[in-house]
Amino acid sequence: MEIISHCVWLYFRFPLSLREVEELMLERGVIVSYESIRRWCLKFGQAYANALRRRRPRPGDKWHLDEVFIKINGEQKYLWRAVDQDGNVLDILVQNRRDKAAARRFFRRLLMETGSVPRVVVTDKLRSYGAAHREVMPCVEHRQSKYLNNRAENSHQPTRQRERAMKGFRSVGGAQRFLAAFSGISPHFRPRRHRFTAHDYRTEMHHRFTTWRIVTGCAPEDA
């Protein structure tokens with residue numbers, strides 16, 4: 001399991017291709033094909049991401065929502081993302097449109113996935129948000145401003161970096177599967193470093209690696 005978890009960590013944590021992960025493992029004396037790494041990432045990536053999410057505290061009560069276009073096999077699609085006020089990714093969803101129906105679907109999925117209702121929802125001025133908000137969560141305060149939603153917009157940056165490294169996504173299903181696991185694993189290893197001293201950062205990362213070893217079965221729960 002240590003080899004599998006290490007390969008999955010390398011692939012989702014850094015902008016590496018499967019062949020580059022294969023090469024890094026070869027340098028360590030481990031012979032594994034990139035196809036095996038691909039199958040491991042598909043089989044275990046989402047499970048590891050789900051286990052990490054279950055260990056996080058309940059999401060904050062202020063949600064930031066945003067959508068950006070992504071190219072999938074040459075066609076324009078939209079990646080919807082929600083984060084709380086601490087930058088924790090609540091959910092992502094790849095959809096064909098950004099109309100009222102798409103916003104409504106994302107709102108309902110968010111409420112189901114998180115099992116909670118926010119105090120405030122912050123979005124840009126896309127009208128679809130307002131229409132869906134009035135229908136799905138009318139009692140929740142809705143703030144619309146292009147200046148208040150930097151938290152969600154900044155959360156897209158790692159995805160853009162991976163999209164460039166992977167030279168785009170080939171299918172909607174493939175993009176959804178990768179980004180669902182990526183948004184659960186990558187942020188776990190990206191604490192807000194500017195808030196830590198060097199010593200505190202190393203301590204925090206030690207705790208996060210310990211959690212990773214536990215959820216991947218490489219260390220006991222009481223480690």
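This is a predicted model: local features need pLDDT of at least 70, side-chain atom pairs count only at pLDDT 80 or more; totals for chains, interfaces and linings use all residues.
1. Basis. Local features need pLDDT of at least 70 and side-chain atom pairs count only at pLDDT 80 or more, while totals for chains, interfaces and linings use all residues. Residues are numbered from 1 along each chain as its sequence is written, and side-chain values use heavy atoms, with hydrogens and water left out.

2. Salt bridges. The structure holds eleven. The term means a side-chain nitrogen of Lys or Arg within 4 Å of a carboxyl oxygen of Asp or Glu.

3. R119 and D61. The closest N and O atoms of this salt bridge are 3.1 Å apart. R119 sits in the loop between helix 4 (100–114) and strand 4 (120–123), and D61 in the loop between helix 3 (34–54) and strand 1 (62–72), so the pair ties together parts 58 residues apart in sequence. Helices (H or I, at least four residues) and strands (E, at least two) are DSSP runs, numbered from the N terminus. R119 is partly exposed at 44% relative accessibility. D61 is partly exposed too, at 33%. Buried means under 20% relative accessible area, exposed over 50%, and partly exposed in between (1.4 Å probe, protein chains only).

4. K77 and E75. Their side chains form a salt bridge at 3.3 Å, N to O. K77 is buried, at 11%. E75 is partly exposed, at 46%.

5. R160 and E163. This salt bridge spans 2.9 Å, N to O. Both residues lie in helix 7 (residues 157–165), three residues apart, about one turn of the helix. R160 is partly exposed at 23%, whereas E163 is buried at 11%. Elsewhere, shared partners join K100, R104, R108 and E135 into one salt-bridge network.

6. Largest pocket. A pocket is an open set of points on a 1 Å grid over the protein atoms alone, where a 1.4 Å probe fits, with protein on both sides within 12 Å along at least five of seven lines; lining residues have an atom within 4 Å of a point. The largest holds about 1,000 Å³ of space. Its lining counts 36 residues, with D86, G87, N88, P187 and R190 nearest the centre. Strand 2 (75–84) and helix 9 (198–215) are among the elements that each supply at least two lining residues.

7. Second largest pocket. This one holds about 660 Å³. Of its 22 lining residues, Y11, L18, R38, M166 and R170 are closest to the centre. Helix 8 gives the largest share of the lining, five residues.

How values were computed
Grid points are joined across faces, edges and corners, and a volume is the space filled by probe spheres set on the points.
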